[in-house]
Amino acid sequence: MSRRRVSAVLAALTLATAAPVLLPASNAAAAACSTYPNWVAGKSYNAGDIVRYTDGKAYIAEHANPGYDPVISTWYWEPYACDTTPGTPNARFVVSEAQFNQMFPNRNSFYSYSGLTAALSAYPGFANTGSDTVKKQEAAAFLANVSHETGGLVHVVEQNTANYPHYCDWGRPYGCPAGQAAYYGRGPIQLSWNFNYKAAGDALGIDLLNNPWLVQNDSAVAWKTALWYWNTQTGPGSMTPHNAMVNGAGFGQTIRSINGSLECDGKNPAQVQSRVNNYQRFTQILGTSPGANLYC
């Protein structure tokens, strides 16, 4: 698994727009939310936890917090629509929780399904553009690549600690305020380097340059950084992975955009095959075809 594909090749980064705010859950959604535990002031909550507030509506923790009020502390909480109305966060995601668990039977609990669905609001076009087939193909492609990067959603941080001090580019005007060795690979796409943490943080409205540890401590933040890369970065490729899938370029171009400089054009066919195998398996779980152009 590569831990260096978001490195110096990403020096020229483009920033995404700020994340949109979800609309509050409807009254119908509120009724369906009764299965979630009541919010308790002062109780510690982890990112991805879902509670029912005093108004009967549900809220999901975007960030871990010590029991802040969901209506007041909107940075920590956001409304969560838990019915099956088309367009609500859980209903529109083409991967069910059961399918997610089938894809990742040995995953680290940090990589929660609720953390992923909480992150979807940052990029509403992800797995939500084009036909049902295209939506499923994009979801499968994203999850296939992150599975490869993390050993099946097992590793939250880069395993080779000897690399940690290397990911600081002191030539940037903002330097490395969190420390020389603070910007190692984290999360589903193993975000690394100080300039990538700054770019992702700026795009998401989160100060990751000064607090890169959020990516390994907050599930929703971790998933958002992966979606940031997927939807906004071309890496060594010529298009974003999102565009590759929705515009018909094929799964192979997502590999090129993530780690093409080390894997594509015959450089590491075994790594490419691993990603393709994941993708074919995941599209099968989702009941769709993988399409053409699987290799890079």
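Reply: In this predicted model, the place to begin is glycine 56, which takes a positive phi near 85° in the hairpin of β1 and β2. Five residues lie between the two strands of that hairpin. Strand β1 covers residues 50-52, and its pairing with β2 is antiparallel, over three bridges. Within this pairing, arginine 52 is placed opposite alanine 58 of β2.

Strand β2, residues 58-61, also pairs on with β3. That strand comprises residues 77-79, and the two run antiparallel, again with three bridges. Here tyrosine 59 stands opposite proline 79 of β3. In a regular strand, side chains alternate between the two faces of the sheet. In β2, Ala58 and Ile60 lie on one side, while Tyr59 and Ala61 lie on the other. All four are buried, so both faces of β2 are covered (a residue counts as buried under 20% relative accessible area).

From β3, one can follow the aromatic rings. The structure holds 21 aromatic pairs. In one of them, the ring centres of tyrosine 45 and tryptophan 77 are 5.3 Å apart and the planes meet at 75°; the pair is therefore edge-to-face. Tryptophan 77 belongs to strand β3, whereas tyrosine 45 lies in the loop between α1 (27-32) and β1, so that residues 32 apart in the chain are linked. Tyrosine 45 counts as buried because its relative accessibility is 5%, under the 20% limit. The relative accessible area of tryptophan 77 is 1%, and this residue is therefore buried as well.

Another edge-to-face pair is formed by phenylalanine 126 and phenylalanine 142, at 5.1 Å between centres and 70° between planes. Phenylalanine 126 comes from the loop between α4 (113-119) and α5, and phenylalanine 142 comes from helix α5, 16 residues away. Both of these phenylalanines are buried. They also belong to one aromatic cluster, whose members include Phe93, Tyr113, Trp223, Trp230 and Phe282.

In soluble globular proteins, nonpolar side chains tend to be buried together. The largest nonpolar core here has 68 residues, of which Phe142, Leu143 and Trp223 touch the most other members. Several helices supply at least two residues each, among them α3 (97-103), α5, α10 (251-263) and α11 (269-285). The largest share, eight residues, comes from α8.

Asparagine 163 is found in the loop between α5 (132-150) and α6 (194-204). With a relative accessible area of 12%, asparagine 163 is buried. Its side chain makes a polar contact of 2.9 Å with the side chain of glutamate 158. Finally, the charged end of arginine 186 sits over the ring of tyrosine 184, at 3.7 Å from the ring centre.

Terms used
Residues numbered from 1 in each chain as written. Predicted model: local features only at pLDDT ≥ 70, side-chain atom pairs only at ≥ 80, totals over all residues. Heavy atoms only, no water. Buried < 20%, exposed > 50% of the residue type's maximum accessible area, 1.4 Å probe, protein only. Pairing = 2+ DSSP bridges. Polar contact = N/O pair within 3.5 Å; in protein donor to acceptor, adjacent residues only side chain to side chain. Phe/Tyr/Trp six-rings, centres within 6.5 Å; stacked < 30°, edge-to-face > 60°. Lys NZ or Arg CZ within 6 Å of the ring centre and 35° of its normal. Core = buried A, V, L, I, M, F, W, Y, C linked by side-chain atoms within 4.5 Å.
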